[in-house]
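Here is a short report on one protein model. Look at the structure first, then read on with the view still open.

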Amino acid sequence: MLAFSNSYKNNGAIVINRKINLIIMLEFSAQELSKFMEMHRNIAEYINLNPIQRGGILPDSVKEIVLEWVDGYSICDHCEGVLSEIKDPPIETFIAEILPKFLEIDEVRLTNGAREGIFAILHSVCKPGNSIIIDKNSHYSVFLAAERVGLNVIEVENNGYPEYKILEDQYAEKIEEIKNKSGSYPELAVVTYPDGNYGNFPDAKKIAEICHEYEIPVLVNAAYAIGRMPISARKLKADFIVGSGHKSMASTGPIGILGINDEWKDVIFRKSWRYKNKEVEFLGCGPRGLAVVTLMASFPHVLERVKKWKNEVEKARYFVKEMENIPTVKQLGVKPTSHDLNFFETPIFYEISKKHKRGRFFLYRELKKRGIIGIKPGLTKNFKLSTYLLTKDEINRVLEAFQEIASLH
Ligand SMILES: Cc1ncc(COP(=O)(O)O)c(C=O)c1O
């Protein structure tokens, strides 16, 4: 209980300790609060094409146990001080055995997302003022992670419209360029595999081989790959790899996974001088609640779906082919697509938007009327979408919707 010895009530505000002028508003109208009590998502009956959502949907069996784990630090009841060593729920086995085998990498930690894994690597491996090389198709959070550490970012170009294919050989050129300008080699290279705009897969192994010739370690950002398709860090020759639980591993967020090679263990998993069992880079513990449980509980389902990746690529190719039968519609990115996330240029919808009474919001409205969401409101010239885990019937429903809307032309 707060002791309000030095406080008084004033118009709904309780003023405590006038000397430091600390005002705490404790009274809110029921109307103000009701909006927080009545939040519903209302999307169950829609097909959601948003690429960031499709891989994060929990299987029904996992949704059934979620309520048991929603309270605060739900996984911490059996913790003896190190989150990655909790035996019940079986986090230790998951982190020490299952995930390393799944990714073919030596060591794994949980993070609060792919970006937090990326930040952890940048922050441990580099010092402010160092340079890193990243591909032009990198996610914005890679730039922000670099900015937070104080790094110079040098980009490897893509070949531009319409493929936006990363020019792998440029990694060598950029490395030499940095060495010539600054006198030292970059500390790290990052490869996005695949990127979140076009679903392009650069040749990550080739990039790693180039970088390793200069003894530069490589971080593979596989946020859109791990949990969707088979991934082997060893085959890609990655020193570090990150994945995203909420994006691609059928998990609630925020959660990510970070895999590292043994030789980097002492750098990335360094312990606090004061709290001897706590890893500094993860502030002692990684994610510590519901998301850990959903990531683990969904894993058997993830394992199964990864085996069916080929099928997802075939569905995506079918979808692209049919979409391109709509006049002017064109898939951008490398062809044929190798991912469920695809980017379309759609001049026909832009033309309609110029005359439609709802303007550029017409496409979002027309799709919603037909039970489809996930294309950003206001986009008509181009957009990205994902067909991941949609049934053939659902894919055909989406195609029919686009075809019908195009006929409004
Ligand atoms: C390629 C790529 N990397 C990283 C991220 C960030 O993932 P997270 O939310 O797990 O940090 C995204 C998110 O869209 C992405 O598309």
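## Helix α5

Helix α5 covers residues 114-125. Helices here are DSSP runs (H or I, at least four residues) and strands are runs of E (at least two), numbered from the N terminus. The expected span of a helix is 1.5 Å times one less than its number of residues. At 1.5 Å a residue, the 12 residues of α5 should therefore span 16 Å, and the end C-alpha atoms lie 17 Å apart, which agrees.

Buried means under 20% relative accessible area, exposed over 50%, and partly exposed in between (1.4 Å probe, protein chains only). Among the buried residues are Gly-117, Ile-118, Phe-119 and Leu-122.

## Source of the model

This is a predicted model: local features need pLDDT of at least 70, side-chain atom pairs count only at pLDDT 80 or more, and totals for chains, interfaces and linings use all residues. Residues are numbered from 1 along each chain as its sequence is written, and side-chain values use heavy atoms, with hydrogens and water left out.

## A pocket and a cavity

On a 1 Å grid over the protein atoms alone, a cavity is a set of points where a 1.4 Å probe fits but cannot get out; a pocket is an open set with protein on both sides within 12 Å along at least five of seven lines, and lining residues have an atom within 4 Å of a point. Grid points are joined across faces, edges and corners, and a volume is the space filled by probe spheres set on the points.

The second largest pocket holds about 400 Å³. Its lining has 19 residues, and Phe-119 is one of those nearest the centre. Helix α5 gives five residues, the largest share of this lining. The largest cavity holds about 140 Å³. Of its 14 lining residues, Ser-84, Arg-109, Glu-279, Gly-284 and Gly-286 lie nearest its centre.

## Aromatic rings

The whole structure has 13 aromatic pairs. Rings of Phe, Tyr and Trp (its six-membered ring) pair if their centres lie within 6.5 Å; planes under 30 degrees apart count as stacked, over 60 as edge-to-face and the rest as tilted. Tyr-198 and Phe-343 have centres 5.2 Å apart and planes at 55 degrees, so this pair is tilted. Tyr-198 lies in a loop and Phe-343 in strand β13, so the pair ties together parts that are 145 residues apart in sequence. Both residues are buried.
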